[in-house]
Amino acid sequence: MDTRVKRRHFLRVAGAAGAAYGLGLTGRFPRIARAQEREMSILMFSSFVPANDEELRMQAAEFGKQNGVKVTVDFISIPEMAGKHASEVQAQSGHDLSAFENLQTAMVQDQLIDLDDVNEEIIKRWGPWHPIAKDACFLNGHWKAVARMSVAFHVTYREDYFAQAGERPPDSWSDLLKSARVLRAMDHPVGFAISQCGDANNSLYQILWGFGGKLVTAEGEIAVDSPETEQAIAYVQEMFPLMDREVLAWDNAGNNRFILSGRGSWTLNPASVYMSAKKSNPELASKLNHQGALTGPKGRFGIGDFYSFGIWKFARNKQAAKDFLRFFYEENNQNRYIETGGGFNLPAHPHFDGHPVWRRDPKLQGIIGYTKWQKLTGWPAPPDRRAQAVYATFILPNMFAQVVSGKLKAKEAMQWATRQLRDVGYK
Amino acid sequence: MVARRTRRALGYYLGVLPFVVFSLFPFYWMIVTSLKENSEIYDLRAIPFWFRVSPTLEHYAFLFQRTAFLTWMGNTAIVAVLSTAVAVVISILAAYALARLRFRGGETLGGAIFAVYLVPTTLLFIPLSEVVRDLGLADTRWALVATYPTFLVPFATWLLMSYFRTIPLELEESAWIDGCSRVGALIRVLLPTAVPGVLTAALFAFTLSWNEFIYAVMFVSSTAQKTLGPGVVMELIRGDVFYWGELMAGAVLGSVPIAVAYAFLLDYYISGLTAGAIK
């Protein structure tokens, strides 16, 4: 038998295959039908606390069983979420319910259905949310998301080092400066990131606000070049020699390593340091403690990463997604979810500030109610793409870093920041 | 005589030593860190290059017992092998056409194919999301098998095109004279001669597929469908907490198939690269 491939035959087959592939790519094949209408999918961030993820999975399964819906929950890490959102929005297809961080809700608000009814039910039942929930989720007159929780950026400090130094844990930025001098001499410095990472944004916004500074007004006008900002810069400049120079190169885990190594005495971070230490170094964990936001000349301001849930307009099962949110916000389910979080995630609603998980562990009592001080990144600027660009391009940390590293003077750094803010679209 | 030979050998080894250290240090670091206890990883008094206390396998145990590591390895292998196979077949045909057939715009087409390779995946994933949806492959590993050839084919085509051009046309002409068809000559004469080039293209495609991250993150979400890179990163970096030991263990094990592939095919790889794309 002649097994040779004939040229014409080859061309015919290859041409047909190419055409078929091309048709497939251009969508002229009927799309493969979605098997069942009663399916619902959730896209979530991997939580710091794996048990929290498991609890959400269990609640999703319970909800599915009760309502005859097949619910799947997928977890991805935080840095990948923005890309995933972009991909799903472009395809107008993907998960029904998605988690959002900080300004992400505002950035995709046109793609989200209104959740006024779900929010109003919650407010009617328990009263208003913490203010930050409204800043993040109430956009252009509608609730576009339901607040979930906050990973607060509070104080973590070493009780033993402060005791040896004869210092009380600082309550204000000026207290911290005083303690930092003593702790530097003991070779157990304090530290916060002044680098290109989210933790640096979260640390330096608190200081900027505490001194009365802001990058942009609520109307979107550039306001960084001010005496208040100059005071905040002067403060950080004074702090910098008292910290390790590595703070200029820290990533988001830099402050974790700083405390977990036993060197650092004070930093700004969620309770992840303490919770990691509880697992890997219980002796160190016993020496750690937490505290809320520090106060500055113009008040006490907190920050953190704030999380919410939204439902896509392209969701296949919007009603089931909405019903799941109602289910998730039943008192018992919230209590279970908070319990499995071990106190790491702070509640978005003050109704749950009194949850026993924070009272059971004396080390966590200092952070109860932190959410009430919290502002959204970029505040008081409106939550939008420009504020996200400021966060993502690290304009604030770079302004401080250029001064403390001696590259620019304070005035020049503020002028530099003004130009950067103009570049991202502020007037 | 012996002393001279020893001196020469010493010279060779000393010359190559910095490159070996530079290349192998990341692997050494990964292996050492993957075998350290967590408390030692964070201990500033510990020597980072060696162990202060006995090595532990706890991170490897965690990986196998508490994550879907084996599933991710299996998915990665399936995706890498299939997308490499698809890409190599398409590339052989494309490269043959560009290297051997004369048609209007052939040169431009060759350049255009390579230009496609230069478009970053961070841009391409957005339009490709629509393609994946239209093919009904969202959140399956088959989405990766369908999309990886988009960056594998241009590179492999370019490499093979250069390689085919180094093979004398007379070999195929002889086959034609003996009654072989063009496709027959491609299969029976050109490809056996071009084995180093084809294997190099396959090895490169396999490595790129094995290590690909962006598409794997964007098109696949569920744990059971994830490939190695996204699986390890997404499940072992939680907020600002990095499971360093487990991450390093995952990186060590994930490197093994690539290292094995290169170890067996290194000679082909070198001859493929030097005879094809670079020469």
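How many Å separate the centres of domain 1 of chain A and domain 2 of chain A, taken over C-alpha atoms? The separation is 27 Å.

## The model

This is a predicted model: local features need pLDDT of at least 70, side-chain atom pairs count only at pLDDT 80 or more, and totals for chains, interfaces and linings use all residues. Residues are numbered from 1 along each chain as its sequence is written, while chains are lettered from A and ligands numbered from 1 in the order in which they are written.

## Two domains in chain A

Domain 1 of chain A covers 39–152 + 304–373. Domain 2 covers 155–303 + 374–423. These bounds come from an automatic or database domain assignment.

Domain 1 of chain A gives 23 residues to the contact, and domain 2 of chain A gives 26. Residues are in contact if their C-beta atoms, placed from the backbone, lie within 7 Å. On the domain 1 side, α4 (104–107), α6 (131–137), β6 (146–152) and β12 (304–311) of chain A each supply at least two residues. Helices (H or I, at least four residues) and strands (E, at least two) are DSSP runs, numbered from the N terminus. That side has 14 nonpolar, 7 polar and 2 charged residues. Nonpolar means Ala, Val, Leu, Ile, Met, Phe, Trp, Tyr, Cys and Pro; charged means Asp, Glu, Lys and Arg; the others, Gly among them, are polar.

## The sheet in chain A

An open, mixed sheet of 6 strands runs in the order β2-β1-β3-β12-β6-β13 (chain A). Strands pair if DSSP finds at least two bridges between them. β2 (70–76) and β13 (346–347) of chain A stand at the edges; each has a single partner strand, so one side of each is left without a neighbour in the sheet.

β1 (residues 39–45) of chain A pairs with β2(A) in the parallel sense, over 7 bridges. Leu43(A) stands opposite Asp74(A) in β2(A).

## A helix pair in chain A

Helices α10 (residues 227–239) and α18 (residues 395–404) of chain A pack at about 55 degrees, with axes 10 Å apart. Ile233(A), Val236(A) and Gln237(A) in α10(A) meet Phe400(A), Val403(A) and Val404(A) in α18(A). By class, this contact has 5 nonpolar, 1 polar and no charged residues. Axes are lines fitted to C-alpha atoms, for helices over the stretch in contact, and angles run from 0 to 180 degrees between N-to-C directions.

## Where chain B meets chain A

33 residues of chain B are in contact with 42 residues of chain A. The largest share of the chain B side, 8 residues, comes from α6(B). By class, the chain B side has 16 nonpolar, 9 polar and 8 charged residues.

Methods: Contact = placed C-beta atoms within 7 Å.
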